[in-house]
Amino acid sequence: NYASRNNSAIISQEFYFDHYINVLGDNYWGGIKDELAQEELNNRKERYRKYSISNIETKSLMKNKKTAFEAETDLLVNKNKNLTSMVEKRLIMIERDYNRKIDALMVWVSNPSLEELAKKRNIKIISQELSPIRQTPNNNNYNTTLCYFQFKNKYDKDYVKSLFNDFERSIKTEKLQMFSREELLSIFLNTEDLWALNDLKNPTPYDLGLSPGFENDPFFKAYANEDIEETCEKINKMFSPNKVSIRYHPNLENSIGNKLWGKDSSPKSIYWILKCQRIVTAVSNIGFDAMMFGKTCYTLAENMPFAFKSVNSLDWKDESVVDSLYLNFMLFGIFVHWDLMLDQEYINWRMSNPGILEIFKYNRKYVLESVGLEVNQNWLTQEDILKTVHQIGDKEIKKIIHYNLFEGFEAIKDENETLKQTIEDKNETLKQTIDRLKSIEDENKTLKQTIEDKNET
C-alpha cells in the first residue's frame with residue numbers, strides 16, 4: 001500500500017509477492033472493500049516482483065549453517081557478503097528503473113549487512129516496528145498505537161541512550177511540561193483499565209514476575225545475556241517460589257520454570273505486571289510496560305532500546321524504577337504515532353534531521369491531539385486528562401486522584417462490619433424461624449395425641 005501510493009519499490013523474498021494484498025485505509029489501518037482498487041493494487045504489486053530475492057538466493061545465505069534458524073540468528077549480528085550483494089543489486093535496478101537516487105531504506109528488521117550497504121551508498125536506514133504501546137486485536141493494553149521510528153537498528157544499544165543525553169541537555173532551557181507517570185497512564189490507558197492507577201499504590205502479591213523468551217526466537221538467541229535455564233536458576237536462589245509469577249509467551253511451552261511459581265493467565269499483560277514488584281525479561285517489549293507502571297525492570301539484553309535505563313543482570317534484588325522524564329522521552333521522542341509512521345510528509349521532515357527536542361514536541365502534539373487534548377493549554381493536570389480523554393465525572397476522578405490505600409482498607413473494614421451485621425441479623429431471623437418451627441412441631445404433637453385419645457374413646 002505504501003509503495004503504490006508513494007511511487008516507491010519493495011525488496012523482499014519472492015514468496016512475499018504471492019500473497020494477495022488488501023487495500024488499506026488512509027492511515028494504513030483497516031481494509032477497504034473496493035474490488036477495482038483491490039485489482040489495481042495487486043496488479044501493481046507484480047511490478048515489484050522483479051526486485052524479489054529468489055528462494056535459491058535465500059538458501060545460499062545458509063552456507064555453513066546447519067539450520068535456517070542458525071542462519072537467521074547469524075544475519076542479525078554478523079555481516080553477510082551474499083546478503084549485501086543481493087540487496088545492492090536490487091538497489092541499483094530500482095535507481096535505474098525509477099531514474100532517481102534512493103535516499104532511504106525502510107526496514108522492519110535491520111541487520112549489519114544492510115547498515116554497511118546503506119553507509120556505502122549514502123542511504124539512511126529507517127527502522128520501524130510496533131512499540132509496546134499498542135491497541136491491536138492481539139494486544140489491547142492501551143488506547144493508542146505508537147511505533148519505533150529511528151535511523152538506526154532498533155537493537156543498537158547506544159542510539160537511544162545518546163538521544164536521551166541530547167534531550168536532557170536540550171530541555172534545560174525549555175519550559176516544557178513533563179507528565180508524571182500517573183498522567184501518562186491517564187493519557188494512554190483504556191477507560192475500563194483506569195482502576196490500574198489506584199492499584200499502583202497497592203502492595204503486590206509477587207516479588208518478581210518472569211516473562212521468559214523462547215529458544216527458537218532468533219532475537220532472543222542473538223541478544224539475550226543468558227539462557228532461560230540460567231535465569232530460572234538465579235530466580236530460584238534469590239526469591240521464594242510462592243513470591244514468583246511467570247507469564248508464558250504464546251509460543252512457549254509451559255514446562256519452563258519452577259512448578260511452584262504462580263502461572264499467570266490474565267487477559268492482559270498489564271494486569272499481570274500490576275501483581276509484581278519486579279519484572280524480568282530479555283527481548284520482550286513487556287519490559288517497557290513494567291517501566292510505565294513503576295516496576296523494577298530487569299532487561300537481560302543490553303541491546304534493547306530501553307535497556308540502558310533498566311537493570312541488565314539478575315545478580316541482586318533491585319528496587320529502582322525509571323523517572324517520568326525518561327518515560328516522556330520514550331513516548332514522544334522515540335516512539336511515533338501509527339498515523340505518522342508511513343506518512344510521507346512526516347518521513348520527509350524526519351529526513352531533514354530535526355533535533356530531538358523538535359521531534360519530541362511534534363510527536364507529543366500529535367499524540368495529545370489524537371486523544372482530544374489541547375496542547376496549547378498552559379498546564380494539563382491529571383484531572384484535565386481524565387475528563388477529556390475518558391469523559392468521566394468528578395466523583396470518579398476524585399476516587400482516582402485522591403485514592404489512599406488506608407482509606408481503602410477502612411472502606412473495606414466498614415463494608416465487612418456492615419456485612420457482619422447483616423449476617424448476624426439474618427442469623428437471628430433464622431433462629432427465630434427455627435424456634436417457631438419447633439413450637440409448631442410441638443403443637444402438632446399435642447394435636448396428634450388429642451386426636452388419638454379421642455379415637456381411642
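**Exercises on a predicted model**

Helix 7 (residues 159-170) contains twelve residues and reaches 17 Å from its first C-alpha to its last, close to the 16 Å expected at 1.5 Å a residue. Helices are DSSP runs of H or I with at least four residues, numbered from the N terminus; the expected span is 1.5 Å times one less than the number of residues. The model is predicted, and local features need pLDDT of at least 70. Residues are numbered from 1 along each chain as its sequence is written.

**Exercise 1.** Determine which residues of helix 7 are buried, and what covers them.

*Solution.* 
Step 1. Buried means under 20% relative accessible area (1.4 Å probe, protein chains only). The buried residues of helix 7 are Tyr159, Val160, Leu163, Phe164 and Phe167.
Step 2. These residues lie on the same side of helix 7, because they cover an arc of only 125° around the axis. The arc is that of the directions from the helix axis to the C-beta atoms.
Step 3. An α-helix has 3.6 residues a turn, so residues three or four places apart point the same way.
Step 4. Their cover includes strand 3 (146-150), helix 14 (324-334) and helix 17 (356-370). A strand is a DSSP run of E with at least two residues.

Methods
This is a predicted model: local features need pLDDT of at least 70, side-chain atom pairs count only at pLDDT 80 or more; totals for chains, interfaces and linings use all residues. Side-chain values use heavy atoms; hydrogens and water are left out. Buried means under 20% relative accessible area, exposed over 50%, partly exposed in between (1.4 Å probe, protein chains only). Contact means heavy atoms within 4.5 Å.
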